[in-house]
Amino acid sequence: MKIDVYFSPVQVDEMQLREKNVIVIDVLRASSTIVAALHNGAREVIPVSSIESAVKVSGNLFGDVVLRGGERNGKMIDGFNLGNSPSEYTEEAVKGKSIILCTTNGSVAMVRARHAKNMAVACFNNISAVIDFILETGEDFSIVCAGKVSLFSLEDAVCAGMIVKLLSDRDSLVVELNDAAVAAHVLYKTYSKNLLKMIKGCDHGRYLAGIGFENDLKLCVEIDSIPVVPMLAGNVIKLKAPSGLKKEEAKPSAAAEAVAD
Ligand code: MLT
């Protein structure tokens, strides 16, 4: 199995990800937020790459069943219902809702992977479930870190490195790594003993703590706290159906149809 890591979405374009198996990581915080939202009963999350798209897609559906979530500079966007803190995405807030998610880096990376064969969302909260999904698929994977405005971000690289480590530990698996995957593995080994310290010390962790989201840092390094796999299905992200079950032929929501236009 070949595992290629990209430390920033700008290192790989949409065409290169086409028909590939892709994992998108945005530990702080879009991946962690999506995992929380779907686990708490959101019908789907629709990633978009701009505020304009979020407004267009939610259009006149905005309100009861369609919510806008996301951030600019870590804070909720004017006219949106939710920010980008996983703790906001409670059952009470999101159950049954379609969430249009617009974030600075995470949702943009997910949109970039929209033509992938499979695209799953990963973070520390769901890492073992993602490993099971990768093993079940049994094919090559590209791991795309959302990074920070086209740059490297430590927390995403360490999470990618943890995926590499968990796969490399499997005796039955021969794993071929690109150089970034080797480097991510080394970073994970360096920081694995104290992920909270790593996340508190990284650029975006310090920034979020400074604007009042220190509690998110703790939530986002909890390993396997939410064992679900969000996956892109058409234009929307939903929970992966348990293996062995047939994919439910659900009618697309009005919001999913709007994003397809
Ligand atoms: C992003 O997409 O850049 C983030 O998820 C930012 C954040 O809200 O922490």
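Reply: A residue counts as buried when its relative accessible area is under 20%, and as exposed when that area is over 50%. Please bear in mind that this is a predicted model.

Me: Cys145, then: buried or exposed?
Reply: Cys145 counts as buried, because its relative accessibility is 1%.

Me: And how many disulfides does the structure hold?
Reply: The structure holds zero disulfides.

Me: Turning to the ligand, which residues surround it?
Reply: Among them are Asp26, Leu28, Arg29, Ala30, Glu71, Asn84, Thr104, His204 and Leu208.

Me: What polar atoms lie by the ligand's oxygen atoms?
Reply: A side-chain N or O atom of Arg29 is 2.8 Å from a ligand oxygen, and a polar side-chain atom of Asn84 lies 2.7 Å from a ligand oxygen. Thr104 contributes a polar backbone atom, 3.4 Å from an oxygen atom of the ligand.

Me: Where does Arg29 lie, and what is the peptide bond from Leu28 like?
Reply: Arg29 lies in the loop between β2 (21-25) and α2 (30-39). The peptide bond from Leu28 to Arg29 is cis, with omega near -5 degrees.

Me: What about the backbone at Asn73?
Reply: Asn73 is not a glycine, yet it has a positive phi of about 55 degrees. Asn73 sits in the loop between β4 (66-72) and β5 (75-76) and is exposed, at 57% relative accessibility.

Me: And Asp224?
Reply: Asp224, likewise not a glycine, has a positive phi of about 60 degrees. Asp224 is in the loop between α11 (214-220) and β10 (230-233), and is partly exposed at 31%.

Me: Now α8. Which of its residues are buried?
Reply: Ala180, Ala181, Ala184, His185 and Tyr188 are buried. Seen down the axis of α8, the buried residues fall within an arc of 145 degrees, so they line one face of the helix. On the other side, Asp179, Lys189 and Thr190 are exposed.

Me: What covers the buried residues of α8?
Reply: The cover includes β1 (2-6), α7 (154-168) and β9 (176-177).

Notes: Residues numbered from 1 in each chain as written. Predicted model: local features only at pLDDT ≥ 70, side-chain atom pairs only at ≥ 80, totals over all residues. Heavy atoms only, no water. Disulfide = S-S within 2.5 Å. Buried < 20%, exposed > 50% of the residue type's maximum accessible area, 1.4 Å probe, protein only. Helix = DSSP H or I, 4+ residues; strand = E, 2+ residues; numbered from the N terminus. Arc of directions from axis to C-beta. Contact = heavy atoms within 4.5 Å. Near = heavy atom within 4 Å. Polar contact = N/O pair within 3.5 Å; in protein donor to acceptor, adjacent residues only side chain to side chain.
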